[in-house]
Amino acid sequence: MEKDLLQLLGMSADDITLILDTADKLKAQQKAGVKHDFPSGKTLAMIFAKNSTRTRVSFEAGIFQLGGHGIFLSNADSQLGRGEPIEDTARVLSRYCDCIMIRTFEQEEVEELAKYATIPVINGLTDFEHPCQILADIMTIREHKGKLEGLKVCWIGDGNNVANSLIAGCLTCGMDVSVACPEGYRPDKKILDFASSVKGRRFELTDKPEVAAVGADVIFTDVWASMGQEEETAKRQKAFQGYQINDEIMALANPGCMIQHCLPAHKGEEITEKVFEEHAQEIFDEAENRLHVQKAIMYLLMKK
């Protein structure tokens, strides 16, 4: 693996498999009460420009379970909130800590942090990608389906950061990908350019959920208005009418089709409560696997 984990776009299938295999091992060890083979006393700095439940708790619990310590830093808790340059923060934290996780808005901020940091940097979420989420999703698919190669995954909804990572990660792992988004809410052009360049896999972009869902083995969705888009809620609710996972959509998918949702869910909007509850085990397995995947990333980056 590289020094950092900044995005799935450009990551190799071998590196993704290494993370998944390590996550499986760490998950099995935790369930069996076996101590992880990891140097004690490692420190993770966690920078949060965006609020979080799953990202914060899974990273903080994860570094603790590995035998280390997490330090939470919001803008209010650090000089970043008072305008300290990201490159200075990177150089300071590199002298105190062993790894940095950052959850923020601009991908460029994460890239700049990694450029100046001498310790590993992990992208906990940006407006461009959410790599840890999709790695957990892929881990969950492999657990439930027993394979990745040849499966069809479907995304219905906003072509946001999670969709970007989904396309990059799933195509790299040998899955076909079908995406249904309204015009004006499509994935990033860099992601679409990558998708069109992948050989041997099928990528489909449509504005019709009923087309995207045909023959799907896994269907993904997310809220219509993500964090920071609250002022667009009414506009987005109108744009995404019909982009809902419901019984009609599920009837088009393959038997045994899984549902994945990064949470929190707005039941009755992007997914019906009935379908959500019927697939709750898979969805909360997915949420749990954020812990195990992120432990694997920290394990691989900090044990070097």
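## Aromatic contacts and a pocket

At 2% relative accessibility, phenylalanine 276 counts as buried, because the cut-off for that class is under 20%. This description rests on a predicted model, so please read each value below as computed from that prediction.

Let's start with the rings. How many aromatic pairs does the count give? The total is six aromatic pairs. In one of them, phenylalanine 276 meets phenylalanine 284: the ring centres are 6.0 Å apart and the planes stand at 85°, so the pair is edge-to-face. An angle over 60 degrees is what that label requires.

Elsewhere, Tyr185, Trp224, Phe240 and Tyr243 come together as one aromatic cluster.

Two examples are set side by side here:

| Charged residue | Ring | Distance to ring centre |
|---|---|---|
| Arginine 56 | Phenylalanine 72 | 3.9 Å |
| Lysine 190 | Phenylalanine 128 | 4.7 Å |

Arginine 56 lies over the face of phenylalanine 72, while for lysine 190 the charged end sits over the ring of phenylalanine 128.

Which residues line the second largest pocket? Its lining consists of Met1, Glu2, Asp4, Leu5, Leu6, Gln7, Leu9, Gly10, Met11, Ser12 and Asp15. Sorted by class, this lining has five nonpolar, three polar and three charged residues.

How values were computed: Residues numbered from 1 in each chain as written. Predicted model: local features only at pLDDT ≥ 70, side-chain atom pairs only at ≥ 80, totals over all residues. Heavy atoms only, no water. 1 Å grid on protein atoms, 1.4 Å probe; cavity = no way out; pocket = protein on both sides within 12 Å on 5 of 7 lines; lining within 4 Å. Nonpolar A, V, L, I, M, F, W, Y, C, P; charged D, E, K, R; others polar. Phe/Tyr/Trp six-rings, centres within 6.5 Å; stacked < 30°, edge-to-face > 60°. Buried < 20%, exposed > 50% of the residue type's maximum accessible area, 1.4 Å probe, protein only. Lys NZ or Arg CZ within 6 Å of the ring centre and 35° of its normal.
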